[in-house]
Amino acid sequence: MFEMHILASGSDGNCTVLVHEDRAVMIDAGLSFKATSRLMSTNGIDPSSVEALLITHEHSDHVKGAGPVARALNIPVMCNRSTFLSSNMGRVLYSETQTMVPFTVAGIRFTPLPTSHNAMEPNAYMAEAGGKRVLIATDTGVLTPPVEDALRTSDVAILESNYDKYMLDNGPYPIYLRRLIESDIGHLSNVACAEALKRTTNGMKRKIFLAHLSRKNNTPDTARETVSNLTGTRRMELDCLEFAGDTRILRA
Ligand SMILES: [Zn+2]
Ligand SMILES: [Zn+2]
């Protein structure tokens with residue numbers, strides 16, 4: 001069984017730990033080491049079970065704690081070379097990966113998939129073990145075909161639902177930032193997330209987690225409401241973090 005611990009999701013920091021048969025992998029380390037280790041302990045994650053740290057891209061909400069976490073846990077950082085070279089992690093064990101080339105760590109098979117974002121070579125990850133597939137896809141202005149395919153076949157989809165268009169248009173962000181966020185290399189809106197889910201419905205009972213919600217341009221209620229209305233999925237089946245410091249465990 002897969003256990004996915006969403007320890008943080010959004011522009012204040014991103015960190016997910018995937019556990020499969022007592023072996024674990026961390027995806028992104030956007031919190032300090034102190035905050036990360038506190039959250040691991042309150043969520044019952046044994047730090048010595050974590051075998052690697054995978055990075056999606058070099059933005060600070062994903063890599064801020066990467067160096068300290070990798071050094072403290074004595075685990076390799078795994079990502080593509082462009083991402084590694086543009087992240088300032090200091091001295092860490094580095095294991096190079098390539099977009100679209102699967103690899104196995106902690107008994108879990110990962111495929112890094114290309115996303116569309118204002119970063120060097122951003123990736124989403126498809127994780128497979130025990131016949132289950134989990135997709136973690138955030139920070140993407142549009143869904144690339146490989147991410148869309150992965151979404152169609154996943155048992156659990158941790159998918160970005162970053163902003164509400166009305167809130168973005170009427171919110172505090174300067175115009176250039178608004179334009180970037182809603183561009184093809186920005187973030188997925190609630191509507192774009194819903195449309196992607198709708199396009200990839202396949203009759204499978206897919207678990208959905210709405211990720212990377214903007215604190216300024218979205219609310220958990222707005223995201224759930226929009227996705228529920230457009231996809232016909234019941235609100236209670238659409239999970240997301242409710243407040244700063246909230247965490248979640250998903251199982252599949
Ligand atoms: Zn981000
Ligand atoms: Zn980003």
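**Exercise 1.** At what angle do helix 8 and helix 9 pack, and how far apart are their axes?

*Before you start.* You're looking at a predicted model: local features need pLDDT of at least 70, side-chain atom pairs count only at pLDDT 80 or more, and totals for chains, interfaces and linings use all residues. Residues are numbered from 1 along each chain as its sequence is written, while chains are lettered from A and ligands numbered from 1 in the order in which they are written.

*Solution.* Step one: find helix 8 at residues 190-199 and helix 9 at residues 220-231. (Helices are DSSP runs of H or I with at least four residues, strands are runs of E with at least two, and both are numbered from the N terminus.)

Step two: take the axes, which lie 9 Å apart at an angle of about 35°. (Axes are lines fitted to C-alpha atoms, for helices over the stretch in contact; angles run from 0 to 180 degrees between N-to-C directions.)

Step three: look at who meets whom. Residues in contact (C-beta atoms, placed from the backbone, within 7 Å) include Cys193 and Leu197 in helix 8, and Val227 and Leu230 in helix 9.

**Exercise 2.** Which residues of helix 8 are buried, and what covers them?

*Solution.* Start with the list: Asn190, Ala192, Cys193, Ala194, Ala196 and Leu197 are buried. (Buried takes 20 or more other C-beta atoms within 10 Å of a residue's own, exposed 12 or fewer, and partly exposed is in between; C-beta atoms are placed from the backbone.) Next, the cover: it includes helix 5 (145-152), strand 11 (156-160), strand 12 (207-211) and helix 9.

**Exercise 3.** Where is Arg23, and what does Arg23 touch?

*Solution.* First, Arg23 belongs to strand 3 (residues 23-27). Leaving out residues up to four places away in sequence, Arg23 touches Ser49, Glu51, Ala106 and Gly107. Last, go back to Cys193: its C-alpha atom is 31 Å from that of Arg23, and the two residues are 170 residues apart along the chain.

Methods
Two residues are in contact if their C-beta atoms, placed from the backbone, lie within 7 Å.
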